[in-house]
Each structure stands twice: as C-alpha cells, then as structure tokens.
Amino acid sequence: MLPPSYLDQMPDAFVQLWQQVEEQILQDVARRIGKMDKVTPTANWQLWRYQQTEAVRNDVVKLLAKYTGKSETAIRKLLLQAATEAMEREDAIYYHYDMEPPPFEENAALNNLLDAGARQTCGTWQNLTATTANTVTGAFERTLDAAWLKVSTGAFDYKTAVKQAVDSLADDMPMVTYPSGHTDSIEVAARRAVLTGVNQTTGKLQVARMDEMGCEFVETTAHGGARPSHAEWQGRRFHRGGAVDYKGRHYPDFEAATGYGTGAGLCGWNCRHTFSAVFPELGDPPQWTQEQLRELNARNIEWNGKKYTAYEISQMQRARERNVRRWKKRYLAEDAAGLDTTDSAVRLRAARQSLAEFAQATGGRVDSARVSVPKFGRSEASRASAQVRKASSTYSSLNTKAKPVTMQSIANIKSFSCDTLDAAGQQQLKNAHKRLLMVASKQPENVEVGRVFDIKMKPLTKDIIGLPDGHSVQLPNPDVPYIAIHTHPACGSFSNGDLRQFTRNANLKLLTALGHDGHIYAIEKTSTFQESSAKQAIWQMDCAIDELLKSTLTDEQVLEKAEGVISDCIKELQKNGAKFYE
C-alpha cells in the first residue's frame, strides 16, 4: 500500500527529466520561427519551410535518442522503489497477525510481475515518444504557415506575427499523440504514464501477495481532493471475488465497486488511491469512519465568499500552477526567438502573486516541483523581475511629483455612471475609492495602493501596498471578471503599464486610477470590445514610448510626449469598444 502523498510526489523526478526535453524542443522551434523575418517575399518560402521542418524533425529524433536510455533507467528505478515501499507496508499487516509472507526480493513470481510492469510502462512511454517527432513538426509547420499568411496578406507585421507564433507554441505545443488522436505536452504525458504504471504494478503485486496469504478483503485508501467518482468508494472495505455479507456487514465486490483494472477506476489514470489487505475476522478495525470520509468530501474551504471541496480547491490551485509555468515557458521561448519578453515577465509576476495569495487564503502550500521549468533559474528570474520593475515605472517614474492626500481630496471623490455596475454598485465603488484614499494617506506620498473586487463589488483581495520606490502597484489577475482600483499619487491619468494590463487581462472589466486629489480616471470594456485590435494599439504605444526612452530628450520632454502617446492610445481603445471616463 502506497499512501497518496507518496504517489503525488513520486513522478516528479521523471517529469523534470522530460521537461528538459520539452524545453529544448520549444526553444529550438522558437529560434527557427524567430528567423522567419530573414525570408523575403522573393525568397523561396517553400524551400525554407521544408528545410526548417526537416531540421526540427532531425533535432527531435536526436534528442529523443539521447534521453531514451535515461527514461528506461528512471522508470525501472521508480518502480523498484515504489514496489519495495508498497510491499514493506503490505507485509507489515501480515506480520501484525503473526503471518509469515515470503521475502519480496526472494519471491520469483512477484519479481516477474515487477519486471513485466516495468516493461509495460517503458513500452507505453516509448510508444508515446515515438510520436513526438511527427507531432512536433506538424505543429511547427502549421504555425509557420499561419504566421506567413498573416505577414503575406499584410494583416500583421513580421514582429507581431512571429511573437504570436512563438507564444501559441509556448502555451500549447503538442508533443505526444495518443492512439485516440488526443495530443498532450510531454510534461502531462510523463506524469500520467509513470503514476499509472507504478500504481498498476504495485496493485498487481499486492493482489498476488493476497492470493499467497489467502486474504479476501481489502480496504481502499482515502485522501482529500479525490475526484467525485473516486470519493464514492475511498476509505471503504470490499470483498475480492464478489459481494458478500460477512459477520453482519455487507462487502461490495472489489472490482465492480471501484473499477479496479480499468483506466478510470482504482489504480487507473492519474489515480493516487491504492488498497491494502484487511482481516475483519481478526477484529481489524476500519481505518476511516463515515464521519471522517464525509469531512474529506465536505465543502469546508472558503474562497472568494464561496465554499469548496478539497478536490475543487486542488484543481483551482493546479490551474494557477500551470499558469506560472505557462509564463515561464513563454519567457524562455520569446527570449530564444529574440523577442521582447517584458509582457511575459509582467504576467509571470502576476501569476506567481495569484498562486501565492490563493495558497495562503485556502491553507495550501506551493509545490515548487509543479511550478518549475528547466532553464528558468535564478538568472532568468532576476532578469524577469528587473523587466517588471522597468515596465511598471516607464511612465510613473517620470511623473513622481506626488501630492498629499487631504480630507478635501477624499471629499472630492464622486461616483460615475458605467456599464459594469448598476447604481448601487457605483455607490459602493465610490465608497471603495474613499476607503482606498484613506489607506493611501497612511503611506509615504509616492506609494501606490490598490484593491481588486468582483463585478458585484465584493473584495477579492485585501489592500495591496506598492513599493516605496514609486513603482506601480502590482495587482493580481483573478480567474473571474473583476474590477481593479489603484491610486496615482501624482494625480495623472493611466500609465502605459495600466493600459497594457487592462487590455491583456481579459477578466479585467473596469480599471480606475484615483489621484491623491480625489480625481478619478476610469476605463472599462464594453460588449463590443475588440481584443486583437486593442492589443495592436498597445503594441504601438509601447513601441513609441520605447523610442522616447532611447532618445536624447530630457525627462520633462519625454513625459510630455509620453502623455500624448498614452492619450492617443486611449482614443484607439475607445474606437475598439472601450469607454473612458475622466
């Protein structure tokens, strides 16, 4: 019997091994896409495309050959460790009742089962990775063609088309194809293959041991966060070989009740449950009471004013962990392609903050193995952080003439009509602005503060205090529609960073900038908001401000011209379905 905690962490080393493969493939593909702008319209596009595709295929085949031996060794090592652990725990039960199970290492039948399980798991993984070369090159070809079409039709310039191509592959590049036609990343496939292989093999070993020892009854393990279909049978007792009534208690059939032996059942795909031998005739008490099982499945974890089960919370945390990995992958891919990584750096920081806040609020912990990406180490993290600081302060650092908050400032705050909120919500927003300015009054004058609400003005965060160096406050990006409010100590309009976050965060419906003088700027998305056109306007704004920062103009001149660029961008956003209030 292996505890769920063991099974949860067991695949990590194997997954990290193949994450290295995934990242090397992605960065190779990104570098090749980044060279697309070297191909002129008069060049032989088809020839270049063919050459790059074949080069990718050859590189993938060589890389897989390099890791095939490593993966088989890793799988066999994991299986041996898991089998030894499982049999030691299982045999302890028999020893408790003065039974003498033959030593596992001397049992030829059990070791043959272990070897068969290793061969099957290695074979499954080899079959999956055999599809990688074709899966990767197919995705590469489709992405190249889509990017070339965007450029050749004049819909996008090279830089934008290349960035979109690299980002799409970084987000969702398929690397293995299952017999059903379903595709997955190597990371997901590796975790599923190893967890399933180990659990199925140890399960067969335990059943064989039960046959040796004449054990007819089993008890399944239980853990919080079980999927609903497994929660029905976790922590319960069953009879092997058909349902029976024994000593005044009914024992359902083991396989029929739990689905043992099927992909969707006990010890199946991604399952962290297992089972152990029990002897009810010897007075062996159940490990789990009905009350304890109900507690495992209860909706007793609060998040954003709602109650969730441990399973639901675990799925929400996994989504946030995937989001952190997503932006790390984007950052590395864009860097390999020679693209600007600022946006990915900013979004990575927001994703990390969202995960940390969620884990803290729900009593969980962040598993570093589930957010790690090979080649994204301290150096990359440091560079990304520096880019975030630069991006957030491009405009605000030039406009640092902070004003004090006074009682008159708070009295100046007015409500305003908007589409996102009804009259009651608008009044709540006014009160939230007043409260936020009170919070700002207790900070150094140049420090921004902010807070996030859902679209019914229910708080999603506590007050968030910015850094004392005048950089913009970093607000999270929740996975529900939301409203973000923050202060501008210098009382100016939106910064380029504000507009970038407003446009690129689909769930951000209304953003306000509250001056220390009580004046409010607001921008909101309407039902006609055109995201792709708005993003193009943001890109043009960023390019224009970058040019200003490279110029020999004084800070005052840069600030003046930057305000003009931002004003023009706001006008473009209004043309594309945004409403601006001042």
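**Figure 1. Lys 70 is partly exposed in this predicted model, with a relative accessible area of 41%.** The residue belongs to helix α3, which spans residues 45-96. Lys 70 is one member of a surface patch of positive charge, in which Arg 31, Lys 35, Lys 66 and Lys 375 also gather.

**Figure 2. Arg 76 and Asp 115 are paired in a salt bridge.** Their closest N and O atoms are 3.2 Å apart. The pair links distant parts of the chain, since Arg 76 is in helix α3 and Asp 115 is in helix α4 (residues 108-129), 39 residues apart. Arg 76 is partly exposed, at a relative accessible area of 32%, and Asp 115 is likewise partly exposed, at 31%. In total, the structure holds 32 salt bridges.

**Figure 3. A salt bridge joins Asp 171 to Arg 326.** The closest N and O atoms of this pair are separated by 3.2 Å.

**Figure 4. The side chains of Arg 192 and Asp 184 meet in a salt bridge.** The N to O distance is 3.0 Å. Arg 192 is partly exposed, with a relative accessible area of 23%, whereas Asp 184 is buried, at 13%. Elsewhere, salt bridges that share partners join Lys 163, Asp 167, Asp 171, Arg 326, Arg 330 and Glu 334 into one network.

**Figure 5. The structure contains zero disulfides.** Cys 122 takes part in no disulfide, and the nearest cysteine sulfur, that of Cys 267, is 19 Å away. Cys 122 counts as buried, with 10% relative accessibility. For Cys 271, the closest cysteine sulfur is in Cys 267, at 5.8 Å, which is too far for a bond because a disulfide requires the two sulfur atoms to be within 2.5 Å. Cys 271 is also buried, its relative accessibility being 0%.

**Figure 6. Gln 317 is a buried residue of helix α11.** This helix covers residues 310-336. The relative accessibility of Gln 317 is 7%, and the residue counts as buried because this value falls under 20%. Gln 317 and Glu 255 are 62 residues apart along the chain, and their C-alpha atoms are separated by 32 Å.

Definitions and conventions
Residues are numbered from 1 along each chain as its sequence is written. This is a predicted model: local features need pLDDT of at least 70, side-chain atom pairs count only at pLDDT 80 or more; totals for chains, interfaces and linings use all residues. Side-chain values use heavy atoms; hydrogens and water are left out. Patches are made of residues with over 30% relative accessible area and no salt bridge: like charges are joined within 9 Å, nonpolar side chains (Val, Leu, Ile, Met, Phe, Trp, Tyr) within 5 Å. Accessible areas come from the Shrake-Rupley method with a 1.4 Å probe; for residues, only the protein chains shown count as cover. A salt bridge is a side-chain nitrogen of Lys or Arg within 4 Å of a carboxyl oxygen of Asp or Glu. Lys and Arg count as positive and Asp and Glu as negative; His and the chain ends are not counted. The place of a charge is taken as NZ of Lys, CZ of Arg, CG of Asp or CD of Glu. Helices (H or I, at least four residues) and strands (E, at least two) are DSSP runs, numbered from the N terminus. Buried means under 20% relative accessible area, exposed over 50%, partly exposed in between (1.4 Å probe, protein chains only).
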